[in-house]
Amino acid sequence: MALADDLNARRLARAISAREQAENLLEQKSLELYHQAEERQRVLDALRESEERYRLIVELSPDAILIEVNGEIVFTNPSARLIFRETHHLSLIGRSLASLIRRAQTETDALRLMINPESETEEVAIRLDGSAFDVSVYRISLTYQGQPAIQMVARDISIRKKLEYQLSFQATHDPLTGMNNRSALLERLSDAISYAHRSSLPVWVAFIDLDRFKFINDHYGHRIGDQVLTEISSRLRSVLRSNDALGRFGGDEFIVVLRGGPEVDMSSETLERIMQAVAEPMKIDGHAMRVNCSVGVAVYPQDGDTPQQLLEMADAAMYRAKQSGRNRCQFFNHEIQAQLQERARIDSELNGALQRDEFLLKYQPQIDLRSGAVTGAEALLRWQHPELGLLPPERFIYMAEESAHINEIGAWVLNTATAQCAAWHKSGLGNLRVAVNLSARQLNGQPLIRLVEQALSRSGLPPSCLELELTESLMMSNIELTLETLQILHAMGVQIAIDDFGTGYSNFAYLRKLPISCLKIDRQFINDLSEPGARDTSIITQTLITLAHNLHLRVVAEGVETENQLGLLHQQGCDEIQGFIYSQALSPDDFRKAMQAHDPTRWQRKID
Ligand code: C2E
Ligand code: MG
Ligand code: MG
């Protein structure tokens, strides 16, 4: 009995435990199910939330978002409808994405797309009304409602593109004429050279510089000067072919790049057409005028093979065209090449020449035709170059003028010449006057006045024995400053002479206003006096002398070489002469000897 009880009790206990286990399992399972249901709800919520967020992003996106399935647009967001100008009658739905884009990929875009088909590209899109605009486009593949689809996101970048275009236009074009500027032209030239290299064709680079344009600017003002430049630029455009390039290099300098071709005859006729077009008379703001130009040409491949080289050579050729009388065209040649090399050498060696004591002054006597006496001398600068020998000013002065060297050199000339003249005074050679040439850069107001004061006080030379020679163009370049400076110098007692008269504007109205005491007739006129048809020139010199005398100016004839010239100038009442007929420019020592041997009666003017 006890055994049976015990057995029953154990069975019961096992049954209870099994039930308990079953209950636990059940509880556990139902808990799991509960958690799963909860998790599913959370996932569903999150999905709904994310869908809502996605929908919002898509709906509110400023970018156009379009989805295409099987070649037809099935979804568009409001921006897409707005940007592509959808209307009641014109809908995006049903069209293809391709019909909205005009492929305008750049090479880099195409390359980028090959490497990564989902990258962003800049293209031109077409609105439903047919108008085009710039977009940046991004395409991805996705599944839309269970189907393979393409989503295109397009952003309107037309404002940015326009700005970019404006900036690049400004960076590559001259604002006044709308032509290529320097950097763009260099690029065009370099393209032309590469093309010519591949096809063995020539390229001509023409450097065009307007003659005496500065006069137009000074005389009529910058506004009219600008209009002249614009007019010239449109004339140049009209005579060139479409594959020639044209650019403005600054100021009154234009560059034309002429490209050879199988059908194109490269001849000087094109250049003549250019020069003729420039020289046609024009009327600007009621002013009738005519502008000529000087042209220098360098040819690829014989003259050079880089844009810089060709431009430098065309520039050198243009400079030669100016030197040989302007209004002409000059091709680059070996002589110019040698000149260019010398120019570079002189330019680099000019620096330090003063410290190395390589400059010297020669003095060319001036003779009074009335008394036959030597009245003074013009100080003329020379550079004793260690290898090139004794150089006249033409070989280096313009380079010194382009740099600041001219100020130091000019100061040295003034100090040396005044000291020399004072020394002649002391040694009893008479009350001689010394004439010193000034450069444009030296005519700078106070610094020049101080320089002159110092030179006079250091040397002890009386101010009336110093004459400063200026050219007309130099005075006209800044008439107010000139007038003010010259008035102060004049008040100090210094004399002012106009050099090379007749080669510039020859404006007697200005002469009246400026405190000038002497007019030097340019050598050119004196030279022409010996020519067969000298009658006209002789009328000119006579008129100049008479007009100058009316203004109480002393007249000096420069470059007198022959007895014939001397006789005519005698007759015409010229006051003084300076020229090889009497003497070249002399060293101080030779000048002293010439003075001691001088016979005034040989030069005395016979007064009726
Ligand atoms: P310029 O002031 O008109 O000087 C007269 C030039 O004519 C001098 O040339 C002189 O040697 C030359 N000449 C004089 N008589 C005759 C003649 O009978 N026949 C010929 N064929 N020539 C004659 P140079 O010395 O070569 O000077 C040339 C120019 O250089 C000068 O012209 C002047 O503008 C400039 N220059 C000379 N010295 C200086 C200077 O110290 N400073 C500056 N800034 N310029 C200077
Ligand atoms: Mg002179
Ligand atoms: Mg002169």
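**View 1. An aromatic cluster in the predicted model.** Phe359, Trp383, Phe396 and Trp412 together make up one aromatic cluster, in which rings of Phe, Tyr and Trp (its six-membered ring) are paired if their centres lie within 6.5 Å, with planes under 30 degrees apart called stacked, over 60 edge-to-face and the rest tilted. This is a predicted model, in which local features need pLDDT of at least 70 and side-chain atom pairs count only at pLDDT 80 or more, whereas totals for chains, interfaces and linings use all residues. Residues are numbered from 1 along each chain as its sequence is written, chains are lettered from A and ligands numbered from 1 in the order in which they are written, and side-chain values use heavy atoms, with hydrogens and water left out.

**View 2. The tilted pair of Phe359 and Trp383.** The structure holds 13 aromatic pairs, and one of them, formed by Phe359 and Trp383, is tilted, at 5.9 Å centre to centre and 45 degrees between the planes. Because Phe359 lies in strand β14 (residues 359-368) and Trp383 in strand β15 (residues 374-385), the pair ties together parts that are 24 residues apart in sequence; strands (E, at least two residues) and helices (H or I, at least four) are DSSP runs, numbered from the N terminus. Phe359 is buried, with a relative accessible area of 5%, and Trp383 is likewise buried, at 0%, where buried means under 20% relative accessible area, exposed over 50% and partly exposed in between (1.4 Å probe, protein chains only).

**View 3. The stacked pair of Trp424 and Phe591.** The ring centres of Trp424 and Phe591 are 4.2 Å apart and their planes stand at 25 degrees, so the pair counts as stacked. Trp424 belongs to helix α12 (residues 405-426) and Phe591 to helix α20 (residues 588-596), so this pair ties together parts that are 167 residues apart in sequence. Trp424 is buried at 3% relative accessibility, and Phe591 is buried at 0%.

**View 4. Arginine charges over aromatic rings.** The charged end of Arg343 sits over the ring of Tyr319, 4.9 Å from its centre, a description that requires NZ of Lys or CZ of Arg to be within 6 Å of the ring centre and within 35 degrees of the ring normal. Arg602 lies over the face of Trp603, at 4.3 Å from the ring centre.

**View 5. The setting of these close-ups.** The secondary structure of the protein comes to 20 helices and 22 strands, and 43% of its 608 residues count as buried. Taken along the principal axes, the C-alpha atoms fill a box of roughly 180 × 65 × 45 Å.
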